[in-house]
Amino acid sequence: GETMKFQEIKNNIYYCGLNDCDRRIFDELIPLEHGTSYNSYLVKGSEKTAIIDTMYPPKTKEYLKRLVDNQVGKVDYIIANHGEQDHSGSIPALLEKYPNAIVITNPKCAENIKSMLHVPDEKIRVIADGEEVSLGDKTLKFIFAPGVHWPDTMFTYIKEDNVLCTCDFLGAHYTFSDVFAVESKELEKSAKRYYAEIMMPFRMMCKKYTQMIKDMHVDVILPSHGPVYTNPDYILDLYADWTADAPKNLVTMPYVSMYNSTKEMIEYLSNKLEEKGIQTFKFDIVDDDLGDLAMSLVDAATIVMGTSMVLAGPHPMAVNVAYLAAVLRPKAKFGALIGSYGWGGNLFGKIGELLAPLKLDLIEPLQVKGKPKEEDFKKLDEIAQAIYEKHKSLNLV
Ligand code: FEO
């Protein structure tokens, strides 16, 4: 497309990243509703010029052209906040283009870019946590932030401007023509979807860094995906909510149903729970968007899995979701398993095993042969009542 001029964020700090409007899925896992952006920032000091984070490899050519079109004649430092390829993948090409540049990064990221991207040792300067590098009238301070979301993640703080580059943390899969965040439900949803997939497994670390950044009172947050925040409290308050220990009064109900029996049970149970003042989110594992499931897991107090039997075990799609739910490490406290079978087998053994890491307080499961009968609906009433009591014990309802 056409060359876009860099947008100035503040006082010689420019956005030089790119949108990827066509990208439909991230990590080959969670669908993207708005594509994503790979953010890169150019910081022009009175003496030295730095680029903070680079580009996703398929976009390297476009990225280098953008730098040239914007008259970036010299780059002294390439700051690698994180070794994952959507940000560090273009480092080798950038080093070729700007042979005087050196990469500044932390020890773990240095190892990663050496081993994964074959960046030569002599092009890397390894810094320590809290170390500063001067650009003349600007100072970059490096703050190691392992765990949000890789062990090699760090933040870069531009001291004089009170601007913090937070790497993947506080990001969103979102595209824009104006880099400044417009606070909207759509942006909030994208940021939550992103948090759910990428950050939720590290909730306690996210909570810690949210508070740390709050206490820094920075003026602008520059994440490595999605828009920049000139009102940092907007995104920090959302993170404070998502990372809070207490779940919400919500039951997430992923299900797969071959002959509608499991679906009928899920719908019946959902209605009973709603009647008791409990919010539910029914999720059709085959047809619905996994991002929506991940987002509901940010808040849910209870997970109810519904599955049909395939051969002698749970449906493979339910197994997939149980595995995903376990690795995302949501804060849910309670669980229940319901489903229907044709001729026999063990419906829940595998699912229970996969969900074990979540240490859910499990309610007595319900396995029904074929279509649910009167007595099965009674059992579902009991499950609804049990969930109600569990939620009540946490003062959620
Ligand atoms: Fe956006 Fe962890 O890379």
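A polar atom of the Asn70 side chain lies 2.9 Å from the backbone nitrogen of Phe6. The structure described here is a predicted model. Asn70 is placed in the loop that runs between helix H1 (60–69) and strand E9 (77–79). The relative accessible area of Asn70 is 14%; because buried means under 20% relative accessible area, Asn70 is classed as buried.

Five strands form an open sheet with mixed pairing, in the order E12-E13-E14-E15-E16. The edges are taken by strand E12 (132–134) and strand E16 (220–223). Each of these two has a single partner strand, so one side of each is left without a neighbour in the sheet. On average, neighbouring strands of this sheet are turned by 20° against each other, direction ignored. Strands of a sheet pair through backbone hydrogen bonds, in either a parallel or an antiparallel manner. Within this sheet, strand E14 (residues 154–158) and strand E15 (residues 163–167) run antiparallel and are joined by 3 bridges. Thr156 has Cys165, in E15, as its bridge partner.

Helix H9 covers residues 290–299. Of its 10 residues, 9 are buried, so the helix is largely enclosed by the rest of the structure. The buried residues of H9 are Leu290, Gly291, Leu293, Ala294, Met295, Ser296, Leu297, Val298 and Asp299. A side-chain contact is found at the start of H9, where a side-chain oxygen of Asp289 reaches to within 2.7 Å of the backbone nitrogen of Gly291.

Conventions
Residues are numbered from 1 along each chain as its sequence is written. This is a predicted model: local features need pLDDT of at least 70, side-chain atom pairs count only at pLDDT 80 or more; totals for chains, interfaces and linings use all residues. Side-chain values use heavy atoms; hydrogens and water are left out. Buried means under 20% relative accessible area, exposed over 50%, partly exposed in between (1.4 Å probe, protein chains only). Helices (H or I, at least four residues) and strands (E, at least two) are DSSP runs, numbered from the N terminus. A polar contact is a pair of N or O atoms within 3.5 Å; within protein, one must be able to donate a hydrogen and the other to accept it, and residues adjacent in sequence count only if both atoms are side-chain atoms. Two strands pair if DSSP finds at least two bridges between them. Axes are lines fitted to C-alpha atoms, for helices over the stretch in contact, and angles run from 0 to 180 degrees between N-to-C directions.
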